[in-house]
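This briefing sets out selected features of a predicted model.

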Number of protein chains: 2
Amino acid sequence: MLSKKTKYGLKALSYLASVDSKLPVQIAEIAEHENISLKFLESILLTLRRNGFLGSKKGKGGGYYLIKDPKDIPMTAVMRVLEGPIAMVPCVSLNFYEKCDDCPDENACSVNRLMLQVRDSALEVYRNNTLADLIS
Amino acid sequence: MLSKKTKYGLKALSYLASVDSKLPVQIAEIAEHENISLKFLESILLTLRRNGFLGSKKGKGGGYYLIKDPKDIPMTAVMRVLEGPIAMVPCVSLNFYEKCDDCPDENACSVNRLMLQVRDSALEVYRNNTLADLIS
DNA sequence: TGATTACCCTACTAAATCTATAGGGTAATT
DNA sequence: AATTACCCTATAGATTTAGTAGGGTAATCA
């Protein structure tokens with residue numbers, strides 16, 4: 001299940017990409033337009049800023065804005081920051097690998113084999129989609 | 001994230017498919033072999049039985065056994081019973097569809113579009129894998 | 001320079017879900 | 001008839017989610 005955090009983050013990024021100007025957009029404007037709790041969105045945007053997706057400007061006329069071109073923001077990066085691992089089990093995760101404590105041999109594990117395929121197929125989708133693709 | 005319930009269910013099914021005999025296998029044997037809490041596994045096997053994947057036999061020499069040939073058990077069916085929706089958001093789910101309350105127009109929703117692709121790619125993997133494929 | 005605006009941070013919490021554990025009841029074999 | 005193993009209910013600790021509340025701070029612009 002996709003968390004609301006990720007969902008809202010994607011929507012916010014899409015909104016910022018859809019307003020063609022590079023002017024900062026206020027949190028309140030995004031929240032209202034996308035029906036998101038203002039305070040919750042605030043924390044999400046903060047995360048995106050800390051991870052290099054957004055820039056911010058304080059004071060009057062301030063807000064958040066995209067740092068990079070939407071075409072240069074792959075969904076893999078966004079998903080990993082907002083949602084965490086793309087894999088459904090840690091033992092097939094590229095960026096968040098962890099060994100299963102109940103499984104003696106990964107290579108012989110049927111779950112491992114299946115989830116490896118699922119990960120790869122999801123990864124392919126995320127790699128083939130940038131923020132620009134989402135709003136077209 | 002894949003739930004332990006699904007993970008254990010898949011392992012149990014794989015184990016049953018790997019023992020070539022059609023004789024019932026006791027819960028305790030599966031639990032021990034796959035390092036699963038016995039009582040938890042019990043409830044999972046019950047679910048699988050109620051959904052037509054397993055048969056059971058009581059009394060001495062009893063246990064659980066596969067009803068169908070592993071080649072005829074697609075992962076789509078197993079995943080839907082154990083894990084629930086394959087889609088990451090209800091608004092792109094085939095079997096568990098629900099409208100998002102925050103989204104006025106699904107067709108214009110960037111999250112919807114992305115998650116539709118993710119669902120399709122996962123679905124393809126699950127459709128191309130039967131229980132027989134997991135143990136080979 | 002001072003008031004305003006909007007970002008930034010911490011703490012808390014209600015609700016839901018997950019992952020079991022405990023204990024006993026019941027039905028079917030041998 | 002005794003044994004074996006399935007079947008069912010209730011409970012509970014841990015974790016995560018999805019916020020809410022409230023205030024602090026920094027940067028604008030007049």
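In this predicted model, the axes of α1(B) and α3(B) cross at roughly 70° and come within 10 Å. An angle of 65 to 115 degrees counts as roughly perpendicular, and the two helices α1(B) and α3(B) are therefore roughly perpendicular to each other.

**Helix contact in chain B**

- On the α1(B) side, the contact is made by B:Lys5, B:Tyr8, B:Gly9 and B:Ala12.
- On the α3(B) side, the contributing residues are B:Phe40, B:Leu41, B:Ile44, B:Leu45 and B:Leu48.
- By class, the contact of α1(B) with α3(B) comprises seven nonpolar residues, one polar residue and one charged residue.

**Surface near DNA strand C**

- DNA strand C is surrounded by 23 residues, and the closest of them are B:Ser3, B:Lys4, B:Ser37, B:Lys39 and B:Gly59.
- In chain A, the elements that give two or more residues to this surface are α3 (38-50) and β2 (63-66).
- In chain B, the corresponding elements are α1 (4-18) and α3 (38-50).
- The largest share of the surface near DNA strand C comes from α3(A), which provides three residues.
- Divided by class, the surface near DNA strand C has ten charged, nine polar and four nonpolar residues.

- Chain A is superposed on chain B by a rotation of 180° with 0.0 Å of shift along its axis, at an RMSD of 0.0 Å.
- This is the relation of a two-fold axis.
- Within chain A, the C-alpha nearest the axis belongs to A:Ser121 and is 2.8 Å from it.
- The same surface serves both copies, since 100% of the contact residues of chain A recur in chain B.

**Domains of chain A**

- The domain assignment divides chain A into domain 1 (4-66) and domain 2 (72-130).
- The C-alpha centres of domain 1 of chain A and domain 2 of chain A are 27 Å apart.
- Eight residues from domain 1 of chain A and six residues from domain 2 of chain A take part in the contact.
- Helix α1 (residues 4-18) of chain A gives the most to the side of domain 1 of chain A that touches domain 2 of chain A, with five residues.
- That side of domain 1 of chain A consists of three nonpolar, four polar and one charged residue.

How values were computed: Residues numbered from 1 in each chain as written. Chains lettered and ligands numbered in written order. Predicted model: local features only at pLDDT ≥ 70, side-chain atom pairs only at ≥ 80, totals over all residues. Near = placed C-beta within 6 Å. Helix = DSSP H or I, 4+ residues; strand = E, 2+ residues; numbered from the N terminus. Nonpolar A, V, L, I, M, F, W, Y, C, P; charged D, E, K, R; others polar. Axes fitted to C-alpha atoms, helices over the stretch in contact; angles between N-to-C directions. Parallel < 35°, antiparallel > 145°, perpendicular 65-115°, else oblique. Contact = placed C-beta atoms within 7 Å. Least-squares fit on C-alpha atoms with pLDDT ≥ 70 in both. Domains from an automatic or database assignment.
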